[in-house]
Structure formats: C-alpha cells, structure tokens
Amino acid sequence: MIKRKPRLVERWRLESQVRGLTKFIASKEQQDASLNLGTTTIEKLLARKPSKFREVMGYSSGSLTTTGMWQATAGVLPAFSATGPKEANWRQVRLGLIQLAAAAWLRHSWVLREKCWDKESTATSMFDFLEPHTLCHAIATGDDVFAHRFGRHLLANFRLTKGGDRIFFYSFDFLPFAFKLYCTWIGEEITFRDDVANPLGWYQQIFDAWHEPQQLRSALLDICDYHCQQALDQDVSAQFGYHPYNIFPVEIMALLRIRKELGLPTPDFEHKLITGNPLLHPPATLPDVQDDLLDRLVAYVRDAFPDVSPPWWLP
C-alpha cells in the first residue's frame, strides 16, 4: 500500500495548483511540445497512411493523450479566472475528453485486433496511463456513451483475463478502484485476483463503508487526502500529478454521481480539494464538439482497418 505522506497533503493548495497550470498553458514552449507537436504528428501520420495498425495506434494514441490533456487543462482554467466569468470552457474540456477517449479506443482496438492481451505494458488489457482518469471523467461529466462502451469493454477483458494482469492492472490502487466503481454503477459483481493482496489499497474503505453513510464521510475525506498527496508526490506511483486531474477530482465526482443515481445517501463533507472548486458542477447538457483532425483520423482508420470497432464516443 502506498505510504501516507501527511506533509504533502498539508502543502496542497488549489490556488497554487491553478497558478502552475496557468503558467503551463501560457507557455509557448509547452504548447509547442504538447498541443502543436501532437497535432503535427497526427497530420504526418495521415499523410503517410501507414498500413500497419500498430503504427497508427502508436503514433496517434500518444499524440491524442497529449493534446487531450492540454485541451482539457486549457478548458478548466477559466473557471478560476480572477477577471473572467468564472466558468469553465466545457466545450474545450469535452474536446480534451474526446481526444483522451480516442486514445483509449485506438489502443484497446489494437490489443483486441492483435489478441495480445497483457503481452507487454502497451498491451495491458485493462487501464493504461490516463485511461482510468478518462473513464471517471466521462462518468463525472455525463459522457455516458463512451463511459459504457469503454466500461463494458473493460469488463469483458477482466473476465477474459480472469481478473486482469497481476502487474499491469494492480500496480496502482486507482486502476482497480475506477473499474470497480464503474461495475458498481451498472450492478456487476466482480472478484479481483486472489493472488493480489489488498488490490484497492486506500480505496477499500470506500466500499467497506458503501452502505454506512457516517463511516463513508471519513473514507471520502481520506481519499481526498490521497488525491492531494498523489498530485504532489514525485513517486512513480503518483496518479494525480497529471493535468488537469490534479485540480479536477473526477473520481470523487464520479463516485458522488453514482451514489446519487443508485439512490444512496452521501453525507455532507468539506475538503480543500472540492470545497469551492467550480469544476464540481459541470453542465447538465454536454456541449457538442468538433475536431476535424480527429474526424479525419477516424475516417482513415475505419477505411483502412474495417475490422476495428466504431469509435466508442459516437452515438
């Protein structure tokens, strides 16, 4: 289990996190290294039209992850503006989510196409890099088409691999938690591998207290602490150091939404991660987004590789 580091929790401040992200987005150097480089890489890929799907996935999935993080981060920051309308650009946030969703779709499509589940880290049958964040983001903001298609795909893989790979899936508490949270939402009972000790780590207390509102309050405060620690920790296991999820607690939002929809009471609680955080209240209706480059990439993939499933985020 990941060691508790109370000093990191104490140091975490929403304002300082926002300042850091504002500086990051304003940097021309960072924009070139993330948004512009990712876009250029996909443009070059479409010009070359490679015949091997692994090459398409390898270049485009990583690029979409990078551009998606940048777009989502740029979208959330207006909510913290001192002079603006203090409203997130939810269209841009959703554009970032769709790009992250596309990255997950491409990687999992390659794994399924090659039948190479868990043969290497890139081929993990469950979550890779920002994929658990992407699933929680979709649930938190109501992008249910993607959430269910991705979630059902993960459930099928979990059963196929008899509980997911012992290393790739269970190295970080957040991965099993995000998956179990989704399964709880849809009423699917799952059993983790019996050769993995305490697979949920810090998050086990959430499910231990799932039907005990007063105990749940303490558990919620603890996983908020965990988020803050992980946002500042330099350890390789840190899961919330990735923007915008250091300030956008999608896992907490997803949990609160799921409990509400299941008719379960959730105790009131305050924590510096969520109290006064304007991102806790996304719009009831998601804005439509347009991404010409992603549309062209999807059209190419579906034409060149017709056995690939339709994109998970499209109706």
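**Where does Pro 244 lie****?** Pro 244 lies in the loop between helix H10 (213–232) and H11. Helices (H or I, at least four residues) and strands (E, at least two) are DSSP runs, numbered from the N terminus. The model is predicted: local features need pLDDT of at least 70, side-chain atom pairs count only at pLDDT 80 or more, and totals for chains, interfaces and linings use all residues. Residues are numbered from 1 along each chain as its sequence is written, and side-chain values use heavy atoms, without hydrogens or water.

**View 1. Lys 162 and Asn 198 have positive phi****.** Neither residue is a glycine. For Lys 162, phi is about 55°. Lys 162 sits in the loop between helix H7 (144–160) and helix H8 (174–186). Lys 162 counts as exposed because its relative accessibility is 71%. The classes are buried (under 20% relative accessible area), exposed (over 50%) and partly exposed (in between), with a 1.4 Å probe and protein chains only. For Asn 198, phi is near 50°. The loop between H8 and helix H9 (204–208) holds Asn 198. With a relative accessible area of 39%, Asn 198 is partly exposed.

**View 2. Asn 277 is buried in a loop****.** The loop runs between helix H11 (250–261) and helix H12 (292–304). Asn 277 has a relative accessibility of 2%, so this residue counts as buried. A polar atom of the Asn 277 side chain lies 3.1 Å from the backbone oxygen of Leu 273. For such a polar contact, the cut-off is a pair of N or O atoms within 3.5 Å; within protein, one must be able to donate a hydrogen and the other to accept it, and residues adjacent in sequence count only if both atoms are side-chain atoms. Leaving out residues up to four places away in sequence, Asn 277 touches Leu 14, Phe 80, Ile 247 and Pro 249. Contact means heavy atoms within 4.5 Å.

**View 3. Ala 254 lies in helix H11****.** Ala 254 is buried, at a relative accessible area of 0%. Cys 136, Ile 139, Ala 140 and Leu 181 are in contact with Ala 254, with neighbours within four places in sequence left aside. Leu 181 is 73 residues from Ala 254 in sequence. In space, the two are 8.3 Å apart, C-alpha to C-alpha.

**View 4. The whole structure has zero disulfides****.** A disulfide would need a pair of cysteine sulfur atoms within 2.5 Å. Cys 183 is buried, at 0% relative accessibility. Cys 228 is in no disulfide either. The nearest cysteine sulfur to Cys 228 belongs to Cys 224, 7.0 Å away. Cys 228 is also buried, at 0% relative accessibility.

**View 5. The structure holds one cavity of 30 Å³ or more****.** On a 1 Å grid over the protein atoms alone, a cavity is a set of points where a 1.4 Å probe fits but cannot get out, a pocket is an open set with protein on both sides within 12 Å along at least five of seven lines, and lining residues have an atom within 4 Å of a point. Grid points are joined across faces, edges and corners, and a volume is the space filled by probe spheres set on the points. The largest cavity contains about 40 Å³ of space. Its lining is formed by Trp 90, Val 93, Arg 94, Leu 97, His 137, Thr 141, Asp 143, Leu 286 and Pro 287. Helix H5 (90–114) and helix H6 (131–141) are the elements that give two or more residues to this lining. H5 has the largest share, with four residues. By class, five lining residues are nonpolar, two polar and two charged. Nonpolar covers Ala, Val, Leu, Ile, Met, Phe, Trp, Tyr, Cys and Pro; charged covers Asp, Glu, Lys and Arg; the others, Gly among them, are polar.

**View 6. The largest pocket holds about 360 Å³ of space****.** It is lined by 18 residues. Closest to its centre are Met 253, Leu 256, Arg 257, Leu 280 and His 281. H6 and H11 each supply at least two lining residues. H11 gives the most, five residues. The lining has eight nonpolar, seven polar and three charged residues.
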